[in-house]
Amino acid sequence: MPVYLKTGPEIDLMRASCAKLAQVFDALEKMIRPGISTKEIDQEGERLIRSLGGVPNFLHYEGYPASICVSVNEEVVHGIPDRGRILKEGDIVSLDAGMVYKGWHSDAARTYAVGKISEEDEALIEAAEESFFEGLAFARPGCTLYQISAAIGNWAEARGYGVIRDLAGHGIGRSLHEDPMIPNFAQETKGILLVPGMTLAIEPMLAAGTREVEWKDDGWTVVTADGRKASHYENTVLITESDPEILTLPGGRKGKGPGREAAAE
């Protein structure tokens, strides 16, 4: 299917949706502490999204039962919030959330420390974020889609992390998931040429150990096959005439151009 290019007014609405989602993440980050349940995070996230004039786009999406995906430790993505799941000191927790505002979707994810965590876990969280920015360097006109994929995967794998291959980023706009799909590892082809007006949800998912994953019996929660921890970092990104614009970071922080990972070409 063709990739839907957004017009100026549509981009403005996506900016608004993404800016509101950034506010939600800022508030939820302050909640992360030992003793809180994953359900409390979900409930507050839904309240915040609705208070900002949006609708949670994850709630009931293909049957998902919550507004915020809350994934703890070895859970890579799609963890289902539960009153009985209490965060404890030393955990890491990934929040994946989105909203619809005036018909336009936003999507982002962050991984947070719960209290004091190990240096290994700190490095894992930082690696997921850094791999995103390695990929972002190629999110610009004249580059191809899979240069983003290769930059993410090559950088992370060179540092010993498992790059999850069963899940991918995606286009986003009037729908939560649009073409194109965005793998987080090198592909055999170049992929489509990037042009202004594309909006992409780029989301590296890294594991401390194996890249292999399993699905829990709930049908949603994806966990690492070896039980080691995972980290997830995602932003909704706009391809512009020059540098990419990160719509889900406050102020729409822009990315740098290509240069750090020649191996991505």
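These notebook entries record what I looked up in the structure above.

**Ground rules.** I am working with a predicted model, in which local features need pLDDT of at least 70 and side-chain atom pairs count only at pLDDT 80 or more, while totals for chains, interfaces and linings use all residues. Residues are numbered from 1 along each chain as its sequence is written, and side-chain values use heavy atoms, with hydrogens and water left out.

**Cysteines.** I looked for disulfides, taking one to be a pair of cysteine sulfur atoms within 2.5 Å, and the count came to 0. For Cys18 the closest cysteine sulfur belongs to Cys69 and lies 17 Å away, which is too far for a bond. I also noted that Cys18 is buried at 0% relative accessible area, where buried means under 20%, exposed over 50% and partly exposed in between, with a 1.4 Å probe and protein chains only.

**Salt bridges.** I counted a salt bridge wherever a side-chain nitrogen of Lys or Arg came within 4 Å of a carboxyl oxygen of Asp or Glu, and this gave 14. One of them joins Glu46 to Arg50, with the closest N and O atoms 3.0 Å apart; the two residues are 4 residues apart in helix α2 (residues 38–51), so about one helical turn separates them. Helices here are DSSP runs of H or I with at least four residues, and strands are runs of E with at least two, numbered from the N terminus.

I then turned to Arg85 and Glu75, whose side chains meet in a salt bridge at 3.0 Å, N to O. Arg85 lies in the loop between β3 and β4 and Glu75 in strand β3, so the pair ties together parts that are 10 residues apart in sequence. Glu75 is buried at 5% relative accessibility, whereas Arg85 is partly exposed at 29%. I also recorded a network of salt bridges that links Asp12, Arg15 and Glu245.

**Backbone.** Most residues other than glycine have a negative phi, and most peptide bonds are trans, so I listed the departures. Glu62, not a glycine, has a positive phi of about 50°; it sits in the loop between β1 (55–56) and β2 (68–72) and is exposed, at 65% relative accessible area. His78, also not a glycine, has a positive phi of about 65°, and I found it in the loop between β3 (75–77) and β4 (92–101), where it counts as partly exposed at 22%. Finally, I noted a cis peptide bond between Asp179 and Pro180, with omega about 5°, and placed Pro180 in strand β8 (residues 178–182).
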